[in-house]
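Trainee: I would like a close look at one part of this structure. Please take me through the aromatic side chains, and then the ligand site.

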Amino acid sequence: MALAQLRREVNGHVLLPEDRGYDDARTVWNSMVDRRPAMIVRCADPSAVAAAIRFADAEGLEIGVRCGGHSVAGMSVPDGGLMLDLTPMAAVRVDPDQRRAWVQGGALLGALDRATQPYGLATPAGNVSHTGVGGLTLGGGMGWLARMHGLTCDNVTRFDLVTADGERLSATESVNPDLFWGLRGGGGNFGVVTEFEFRLHHTGTEALVLDLYYHPQDAVPALRLWRDLIPHAPREATFTAWVGTAGAWPFLPPALHHRSLVSVGLVWIGDPDDGRDQLAAVRAAAPPAVERVRPMSYLDLQTMDDTQEGHYQRRYWKGHYLRALSDDAIDAFVGRGVPAGADDDVALLPAASLQAYGGAIAELGSDDTAFSHRDVFVEFVASAAWTDPTEDERRIAAARRYGAAVEPFASGAYVNALTDEGAQGVRRAYGPAKLARLRELKRRYDPENLFHLNHNISPADA
Ligand code: FAD
């Protein structure tokens, strides 16, 4: 198919490097990603997706599929290939009576939350509203509602997709059930999802965030108690912890600005007064340097980290799943990967978070979905963010060092938190038996591995 024919066939726009809008369309969340596709097809409907896939296949162009553009490794941007940009397909439709939402494949999480919350409804989604529904859902989807209602992928009731041969299919519990299984955690390996149907839940519109801040030297007893409370926590509560370098944040006394700090706390969904009842227990180990208790709307909760986690910074992550959080693992978390006796500049160290799983996430069986590690206790993510390219090597090395310090306590990894781990990361995300089943599915739906710009499940045996 010639380019002129593609332009005629596609409902949307075909952008070449010289076209206005090309640079904006190739820009993704991580500023380290600076790749130049040969063309960007901005698809407005599923037939445009099918036409673009056929064109790329015929022309031998590598395909990248873009939804929110938040893959840390910039998986959606193919250098010299065809970027299939789903962002024009961003509509969300809600039926409050049926408690269903239909979400196009290029929508962002914020659009989903904004459409459901006027009815007091929601489906579990991630914590930053400019993340894409597409990538997040296909890899799993962890958020503040997951302990109550499961991961985002657990709440999909139907996927509509375009496969590698340009065919349009649906996948539900009863239609193409093999695909339905693989799309819930297997990433973008099996096709381009043009619409998700989600189950919605009555969640109300209120939330509460509790954060207790400690000097690192005082934090260990607080973290140990925090850990011990997790197995008994109500499902409305998702326990969180953080270590990092404080900014000049107005809620902190100036003496704590630019210092290393640790926080423990939780996010509560529902009546803030019920959430406040958790405070005394979390605080019992040691008095914090600063305590923050913030009742807020669910919509404000879902956007509270949008600026901190905003675009236009250079980024690098290392993530692990931990099935238990031993005292030694807590020490490694607080240590930020700095070798004993070293005196690293805290301004250049990565931050890290812990987020508790459990509840409804662990209620599905390990083989029920492609998503793996349902028995995880906490997820660890070390994240580095900076703007000066001359710091790249140092920042990345520090994040890798931190990841390596926590790895001895890890049981696997979350596919959506992988960065540049390649095939080894994919093995950690799924484990051998699950990976074999996923490869089988890949051979059925994408034997030529057309969709490989993702955490790739290769159709070939490893
Ligand atoms: P993209 O880069 O657009 O896509 C990521 C991958 O998915 C690519 O391989 C792409 O080809 C594929 N893909 C995307 N859409 C489709 C589609 N419709 N059909 C087929 N393939 C598709 N994860 C959580 O679970 N919970 C969180 O709270 C959370 N918070 C995050 C916050 C930030 C700031 C960031 C950067 C990431 C966060 N993540 C979180 C991780 C996130 O789930 C992954 O980065 C995810 O891949 C982002 O999806 P995207 O659509 O934005 O990215």
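Trainee: Which residues do ring pairs link into a cluster?

Mentor: This is a predicted model. The cluster consists of Phe159, Phe180, Phe196 and Phe198, linked by ring pairs. The structure as a whole holds 15 aromatic pairs.

Start with Phe196 and Phe198. Their ring centres lie 5.8 Å apart. Phe196 has a relative accessibility of 0%, so Phe196 counts as buried. Phe198 also has a relative accessible area of 0% and is buried.

Now take a pair with another geometry. The ring centres of Phe371 and Tyr414 are 6.1 Å apart. Their planes meet at 70 degrees, so the pair is edge-to-face. The cut-off for that class is over 60 degrees. Phe371 sits in the loop between strand 17 (351–356) and strand 18 (378–386). Tyr414 sits in the loop between helix 13 (392–406) and helix 14 (422–430). The two residues are 43 apart in sequence, so their pair ties together separate parts of the chain. Both Phe371 and Tyr414 are buried.

Two tryptophan rings have an arginine over the face. Arg93 lies over Trp102, at 4.6 Å from the ring centre. Arg437 lies over Trp181, at 3.7 Å from the ring centre.

Tyr414 leads on to the ligand. Tyr414 is among the closest residues to the ligand, together with Cys67, Gly69, Asn127 and Met142. In total, 33 residues surround the ligand. By class, this shell has 14 nonpolar, 17 polar and 2 charged residues.

Which elements supply the shell? Strand 3 (63–66), helix 5 (133–139) and strand 10 (192–199) each give at least two residues. Helix 5 gives the most, with 4 residues.

A backbone N or O atom of Val65 is 2.8 Å from a ligand oxygen. A polar backbone atom of Gly135 is 3.0 Å from an oxygen atom of the ligand. At Val193, a backbone N or O atom lies 2.9 Å from a ligand nitrogen. Taken alone, the ligand exposes 940 Å², and the protein buries 94% of that.

Technical notes
Residues numbered from 1 in each chain as written. Predicted model: local features only at pLDDT ≥ 70, side-chain atom pairs only at ≥ 80, totals over all residues. Heavy atoms only, no water. Near = heavy atom within 4 Å. Polar contact = N/O pair within 3.5 Å; in protein donor to acceptor, adjacent residues only side chain to side chain. Areas by Shrake-Rupley, 256 points an atom, 1.4 Å probe, with all protein chains shown as cover. Nonpolar A, V, L, I, M, F, W, Y, C, P; charged D, E, K, R; others polar. Phe/Tyr/Trp six-rings, centres within 6.5 Å; stacked < 30°, edge-to-face > 60°. Buried < 20%, exposed > 50% of the residue type's maximum accessible area, 1.4 Å probe, protein only. Lys NZ or Arg CZ within 6 Å of the ring centre and 35° of its normal.
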